[in-house]
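Have the structure open beside you and try each task before reading on.

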Amino acid sequence: AGKPITCKAAVAWEASKPLSLETVEVAPPKAGEVRVKITWTGLCHTDYYTLSGNDPEGAFPAILGHEGAGIVESVGEGVTEFKEGQSVILLYTAECKQCKFCKSGKTNLCQSIRAYTGRGVMPDETKRFTCKGKELFHFMGTSTFSQYTVVSQYSLVAVDDRAPQEKTCLLGCGITTGYGAATKTAKVEEGSTVAVFGIGCVGLAVLEGAVHSKASRIIAIDLNDEKEAWAKKFGATDFINPSKLPKDKKIVDHLVELTDGGLDYTFDCTGNVKVMRDALEACHKGWGVSTIIGVAAAGQEISTRPFQLVTGRKWQGSAFGGVKGKTDLPGIIEKYMNKQFKIDEYITHHVKLDDINKGFDYMKSGDCIRCVTDM
Ligand code: NAD
Ligand code: DAO
Ligand code: ZN
């Protein structure tokens, strides 16, 4: 505590180059900050998207990674919520409990440090990582691709230290996002019909949320036939591959016929703006609600005929599943510990930090749901 730590990290020196394994210096936490020993981190499409150079907020050189778990190493001045040795999950969607957004009761999008996390700096405008004499940018207020990181006290939640971090790291993004989108953003009701477009980690977690909400029919949709078995394992009642429908049959018409007028709830987990439109238009007239979770490529726009909304369909979005990290994650961990919530089932691949680039190759292959990195 109080001194810089020298450790290993995967550094993104520039866009569209593989991560580079380096020795970095991690400065001690300043006031309101916490230094965390990262034990496990998931790899998510957003890390890859930023690395590819397409993220308008992407700043280089940086330490990426946002789906992580670890142990508090030391705390900065004024930090009373955390102490050395505590098990934590990092929160790319912070929760300060004091800002207008946190206090509104209407959103999980805390804004107290958002301007800094978006620019890759700490709230005093400086950075805590140095490598080869150069300062490195932070990423999403988390930077989990380093054996040690420094974050704001708002970007962490303390959790039950009996919960295995190689699993709970995934609650830092994908699983929480899908589950929360179904249970908190859309608030799927008992007996309702649900369609989920895109059966990756996020889509599977929407399925899990729909099952917990006791939806009566849950239709999974993916272009990859291998996802049928995955979807059924997570509780889907039906699977449709739109590319296998007869030529004259559009997926929207097919879904509307199957469900007597359309679905009560649909979710886009693909990031494809055409799929987003289909998901909206497959909703039932008068009340169907479509939730966008997928992140579209920079510059993409959505469209539909306004009459779709005039006639009672609703279009909305969800970030981190509407989940407030500090308030809600401990309860999800408790469910997991009581075997009422899946995490292990999403993990298809493991890598060591040294092989993190291989992890991205796995992520891009069709058979990877989540790859976790042993730090
Ligand atoms: P993934 O790549 O593992 O899964 C996407 C799935 O969609 C794949 O199975 C793919 O075969 C399928 N797909 C692609 N195009 C399709 C199409 N036209 N029709 C049907 N299926 C199609 O990704 P993931 O990790 O599950 O993430 C899903 C999306 O959610 C991504 O866009 C990601 O960036 C986004 N995301 C959003 C948030 C948020 O807070 N809103 C958080 C995490 C991830
Ligand atoms: O602007 O307040 C804000 C928060 C933006 C975060 C949006 C999260 C959704 C997209 C990220 C995908 C996965 C990390
Ligand atoms: Zn806040």
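**Exercise 1. Find how helix 5 and helix 6 pack against each other.**

Solution. Start with the axes, which are lines fitted to C-alpha atoms, for helices over the stretch in contact, with angles running from 0 to 180 degrees between N-to-C directions. In this predicted model, the axes of helix 5 and helix 6 are 7 Å apart and the angle is about 40°. Helices here are DSSP runs (H or I, at least four residues), strands are E runs of at least two, and both are numbered from the N terminus.

Next, name the arrangement. Angles under 35 degrees count as roughly parallel, over 145 as roughly antiparallel, 65 to 115 as roughly perpendicular and the rest as oblique. Helix 5 and helix 6 are therefore oblique to each other.

Last, sort the contact by class. Ala, Val, Leu, Ile, Met, Phe, Trp, Tyr, Cys and Pro count as nonpolar, Asp, Glu, Lys and Arg as charged, and the others, Gly among them, as polar. The contact of helix 5 with helix 6 has 10 nonpolar, 7 polar and 1 charged residues.

A note on the model: it is predicted, so local features need pLDDT of at least 70 and side-chain atom pairs count only at pLDDT 80 or more, while totals for chains, interfaces and linings use all residues. Residues are numbered from 1 along each chain as its sequence is written, and chains are lettered from A and ligands numbered from 1 in the order in which they are written.

**Exercise 2. Describe the shell around ligand 1.**

Solution. A residue is near a molecule if its C-beta atom, placed from the backbone, lies within 6 Å of it. There are 29 residues around ligand 1, and Gly-198, Gly-200, Val-202, Gly-271 and Gly-294 come nearest. Helix 1 (45-51), helix 5 (174-185) and helix 6 (201-212) each give two or more residues to this shell. Helix 6 gives the most, with 3 residues. By class, the shell of ligand 1 has 14 nonpolar, 13 polar and 2 charged residues.

**Exercise 3. Which residues does a cis peptide bond join?**

Solution. Begin with the general rule: most residues other than glycine have a negative phi, and most peptide bonds are trans. Here a cis bond joins Phe-60 and Pro-61, with omega about -5°. Pro-61 sits in the loop between helix 1 and strand 4 (67-75). Now check phi: Lys-97 has a positive value, near 70°. Lys-97 is found in the loop between strand 5 (87-90) and helix 2 (100-104).
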